[in-house]
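This report describes a structure part by part, starting with the place where two chains meet. Keep the sequence and the 3D view open while reading.

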Amino acid sequence: MEWLTKFPEMDRNGLREFKKTVDNTFTSFSRNYGEGIENFFDPLLSFLVAFEKLFLNTPWPITIFAILFICWLASRSIIIIAGTFLSFLLIGYFGMWEDTMSTLAIILVSTLLCIFIGIPIGIAMARSNKVQTLILPILDVMQTIPSFVYLIPVVMLLGIGKVPGLIAVCIYAIPPIVRLTNLGIRLVDKDVLEAAESFGANYWQKLFGIQIPLALPTIFAGVNQTIMMALAMVVIASMIGVQGLGLPVLRAISNQYLALGLMNGLAIVVLAIIFDRVTQRIGKRMQRYKSD
Amino acid sequence: MNNFIKIKNLYKIFGNNTTEALNLVKTGISKEELLDKTNCVLGLNNINLNIPKGKIHVIMGLSGSGKSTLIRHLNRLIEPSFGEITIDGVNVLELNNKELLEYRQKNMSMVFQKFALFPHKTILENISYGLMVQNISEEIYQEKSQFWLKRVGLEGYDNYYPNQLSGGMQQRVGLARALATDAEILLMDEAFSALDPLIRAEMQDVLIDLQLELKKTIVFITHDLDEALKIGERISILRDGFVVQDDNPQKIILNPSDDYVSDFIKDINRSRVIKAKSIMNKSVSITKDNVPIIDSEMVLEEVLQEITKTKNYFVLVKDKKDKIIGKITLNELLTGIQRPRKEIKKYA
């Protein structure tokens, strides 16, 4: 009756062999193709580096002014502008300017990447139920798998550095925008779509003229969530060599520096709040037609 | 009467395995049996209709009778399971994708029950939509849309958004949007059903006025008999996806083809709907002296007023060219107003 008390598991040797085979296969895969894949991501690297340089080399008053200007265009809210201005002054005063700029750069690049990849996937999902049933479980895995687990193959393949960090951030941050693009387009009123069809609109005219504009507020909620998740991933990504506010946090954890950890942690929070408020404002402004 | 839109043996079955279901339907199986046997829903059952050019043709029926399904076959928003639709000599079902889009753009436009305006576009952009998808130059469609905006009485509302307008105004926009493409055929799917009674009557008048001038071919769906009688020049009554009667309004009231139709018409005010020409006695030689002469289009309520003024209780009826064409006695008038007792053949 032993099988009742002890789970009939695979024998040790078999298990060891199994793990070894998987590891070896992947190692030889990354040896053979690692460089090719790395080269494939080179343009991304130079894009990210260029962004970082732009942020770091621009004199800080100009950077602040540019950020405030963009915030104003997007939100048209004095309170948000004032808050942003104060936050950036404090960040700079406490010596976190450069780290913040690095973080901003990687957030921006990863968000752009997520938008460019995520929105078309979301559209494809909305268009066909088959694609949806295929993609949904993948998104579930991406959102639930502990991020450390997929850091392993990424690092094995691409080593430590900015690109693997960026990829890790994107894997973590892309699901919301895909889901909400899909949802937004599916929620577009069927009657309205039928009306467009009855006037002889073709697929693209329906997509760009009706579906996407009506789904935009929902899509923007997805962008907002993607940015939030990217920010949350910054600390973990710093473990594999991403510069920015995450690195000091990591240092603070291993050395028990309370002040350092708090300061950089709060800087991330501040960035998150600014991003959130600004993007929410944009989302609201897109629904102006709904108010009387 | 010319046959502008011809629908022949049209069937629509919703569900999987429609070929098997279609064969069953053709053997005369009922809607319920079909659902039991094949899990398919019978939408349209052997529709044969001829719709003349330049008239308002009303398709009537209760909910679930297939009227919205039928109208969507004309512009192929729904594909039929079997049958033939020819419009002005063009077999609509044989159009390929590109031809179909062009056909929808140029030849027919639609007005919807729930307005279905584009909420993110302004009123003017809404009206322009049908022209915009045709890639017509902005100058032209701006001008046309402005024209139709004025024509439906919404001048100055160009830059409002649909939800800033009342229901009646929104449907005026819907109507203008459909008219702006100059399409020959106008499909109206319960266009006024969502409006309150006063606004509905107002919109019916707007439509009748426009039609006097435009002479479009209008296929109008409604479940409201009063509306059908007011605007319809011909009425088809649909039941369970089958046309039970297709006739002019007067004949439908005077000679309902079965129980279903007579049930439908039992509550209407006959004296306000039936016209003198429908009940007059044609085979009469007439002496004209001191007898009032009435117009053949006059409804019985008015005829009654005329008849009570006379001594002998009868009036003469003239047509549009002032020619005497018949007479009506008080007896005939009362028979016309009286609702016929149940003695009509049972619907199978």
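## Where the two chains meet

The contact between the chains draws 17 residues from chain A and 20 residues from chain B. The model is a predicted one. On the side of chain A that touches chain B, helix H10 (190–198) and helix H11 (203–237) each provide at least two residues. H10(A) gives the largest share of this side, with six residues.

The side of chain A that touches chain B can also be sorted by residue class. It has eight nonpolar residues, four polar ones and five charged ones.

## Chain A as a whole

Chain A has 13 helices and zero strands. The C-alpha trace of chain A spans about 75 × 60 × 45 Å along its principal axes.

Chain A has 292 residues, and 34% of them count as buried. Among the contacts in chain A with a separation of 6 or more, 76% are between residues 24 or more positions apart.

## A four-stranded sheet in chain B

Strands of a sheet pair through backbone hydrogen bonds, and the pairing is either parallel or antiparallel. Chain B contains an open sheet of four strands in the order E2-E1-E4-E5, and the pairing is antiparallel. Strand E2 (41–51) and strand E5 (90–91) of chain B are the edge strands, each of which pairs on one side only.

Strand E1 (residues 5–14) of chain B runs antiparallel to E2(B), and seven bridges join these two strands. At one position in this pair, B:Ile7 stands opposite B:Leu49, a residue of E2(B).

## An enclosed helix in chain B

Helix H3 of chain B covers residues 67–74. Seven of its eight residues are buried, so H3(B) is largely enclosed by the rest of the structure. The buried residues are B:Lys67, B:Thr69, B:Leu70, B:Ile71, B:Arg72, B:His73 and B:Leu74. After H3(B) comes B:Arg76, which has a positive phi, near 55 degrees.

## Two packed helices in chain B

Two packed helices are described by the angle between their axes and the distance between the axes. For helix H14 (residues 300–308) and helix H15 (residues 330–337) of chain B, the angle is about 155 degrees and the axes are 11 Å apart. Because angles over 145 degrees count as roughly antiparallel, H14(B) is roughly antiparallel to H15(B). The crossing of H14(B) and H15(B) is left-handed.

Which residues in H14(B) and H15(B) meet? From H14(B) they are B:Leu300, B:Val303, B:Leu304 and B:Ile307, and from H15(B) they are B:Leu330, B:Leu333, B:Gly336 and B:Ile337. By class, the residues of this contact are seven nonpolar, one polar and no charged.

## An exposed loop residue in chain B

B:Lys320 lies in the loop between strand E12 (314–318) and strand E13 (324–329) of chain B. Is B:Lys320 buried or exposed? B:Lys320 has 8 other C-beta atoms within 10 Å, so it is exposed.

B:Lys320 and B:Ser296 are 24 residues apart along the chain. The C-alpha atoms of these two residues are separated by 7.7 Å.

Technical notes. Residues are numbered from 1 along each chain as its sequence is written. Chains are lettered from A and ligands numbered from 1 in the order in which they are written. This is a predicted model: local features need pLDDT of at least 70, side-chain atom pairs count only at pLDDT 80 or more; totals for chains, interfaces and linings use all residues. Two residues are in contact if their C-beta atoms, placed from the backbone, lie within 7 Å. Ala, Val, Leu, Ile, Met, Phe, Trp, Tyr, Cys and Pro count as nonpolar, Asp, Glu, Lys and Arg as charged, and the others, Gly among them, as polar. Axes are lines fitted to C-alpha atoms, for helices over the stretch in contact, and angles run from 0 to 180 degrees between N-to-C directions. Angles under 35 degrees count as roughly parallel, over 145 as roughly antiparallel, 65 to 115 as roughly perpendicular and the rest as oblique. A crossing is left-handed if the near helix is turned anticlockwise from the far one by less than a right angle, and right-handed if clockwise. A residue is buried if 20 or more other C-beta atoms lie within 10 Å of its own, exposed if 12 or fewer, and partly exposed in between; C-beta atoms are placed from the backbone. Two strands pair if DSSP finds at least two bridges between them.
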